[in-house]
Amino acid sequence: MKSVIYEFVDGRGQGVVSNWLQESQDPDLTARVDQKIDLLEGNGTDLPPGLLAGTKHKHVDKLRIFGKKTAWRIMVSKERLEKTFAFTMLFVAQEKDRKLIPKDAFDRAESNRLELHDNPNRRQIYERDND
Amino acid sequence: MNETTTRLLTKFQNEDYRYAYDEEFSSARMAMQIQAIRESQEMTQKDLAELAEMRQSRISELENVNYSMWTVSTLRRIARSLGVRFSFRFESWSELLPEIENNNREHLVRPRFEKDETFTTETKVDKIPAKASGRVLTSPKFATEPVIHASPHTHTLPLLIGVESSTDATTVPQKFRDAQLWKKESDSEFRQIPNMRPTEAAIAA
């Protein structure tokens, strides 16, 4: 059974991941993100090892993306459903020399996650277009 | 065709996209397959590490979907330790789509050689048929008793005996090729292993 993938919607009403990829205009990066999300989506509760790694916030994990020149981290929260998960992609950060850019990326992801408690409309189903 | 395949049919039109997607997919699939095969054999990472003469932390690294620094020699060592074959070859893009669609544990597991039905299917017989009841091959000479040839690689393979169909010692090489392979079940019972002939190397082992 497939997991449901959401993305957090920022103050301008744009999905944090869709907007980031649209601005990058980089098919290589888009492909690497798509493949990781396909793994997240397609494995139910039996997630492949290493796909998600923990962060300092208990309910925020990170998805590692290795672009050609840059490493990225997508902060994700997960909710257990009956036989699968719902994942929400909360925030995107760059990682350089083991440091996040922006530095407070984990906190901002946690803040977005808490925001969803008060306002569930701040997330949308993550849709990948066929352009 | 599922939603992912439908989407990729379009997205793969972009060359950079399809090569990057495949690079990520192939690495993740390899990591997942090592874990799936290992667990199907009820092996721990430590067990596999010992067989492959690696550290357990190295196996853990190879089973991580973010790992990408694969080498053929490492994969061959892992393959041998898992009793499977490592294959590398060029393929068309259309062959990738069903692999993506079926990228789950059930489709990734492969049997060890010893459990591979192609090599373990046997035809039960009560006794060695009369045609094959002449002298029994041994190597490099003939003997009057069945000679059991254990595999030189592992004791878990069937024990083999070669049965000569004629006593004419002048045509030994031909008879090596015509001999049947048998697995000895007990002192009086044998099972024929179909579609296999002993090679001279096997007989000489």
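In this predicted model, 19 residues of chain A are in contact with 21 residues of chain B, contact meaning that the C-beta atoms, placed from the backbone, lie within 7 Å. Helix H2 (residues 27-42) of chain A contributes the most to the side of chain A that touches chain B, namely eleven residues. The composition of that side by class is tabulated below.

| Class | Members of the class | Residues on the side of chain A that touches chain B |
|---|---|---|
| nonpolar | Ala, Val, Leu, Ile, Met, Phe, Trp, Tyr, Cys and Pro | six residues |
| polar | the others, Gly among them | five residues |

Chain A has three helices and seven strands, in the order β-α-α-β-β-β-β-β-α-β from the N terminus; helices (H or I, at least four residues) and strands (E, at least two) are DSSP runs, numbered from the N terminus. The C-alpha atoms of chain A fill a box of roughly 40 × 30 × 30 Å along the principal axes.

Of the 131 residues of chain A, 40% count as buried, that is, with 20 or more other C-beta atoms within 10 Å of their own C-beta atom, as placed from the backbone.

Residues are numbered from 1 along each chain as its sequence is written. Chains are lettered from A in the order in which they are written.

Terms used:
This is a predicted model: local features need pLDDT of at least 70, side-chain atom pairs count only at pLDDT 80 or more; totals for chains, interfaces and linings use all residues. A residue is buried if 20 or more other C-beta atoms lie within 10 Å of its own, exposed if 12 or fewer, and partly exposed in between; C-beta atoms are placed from the backbone. Two residues are in contact if their C-beta atoms, placed from the backbone, lie within 7 Å.
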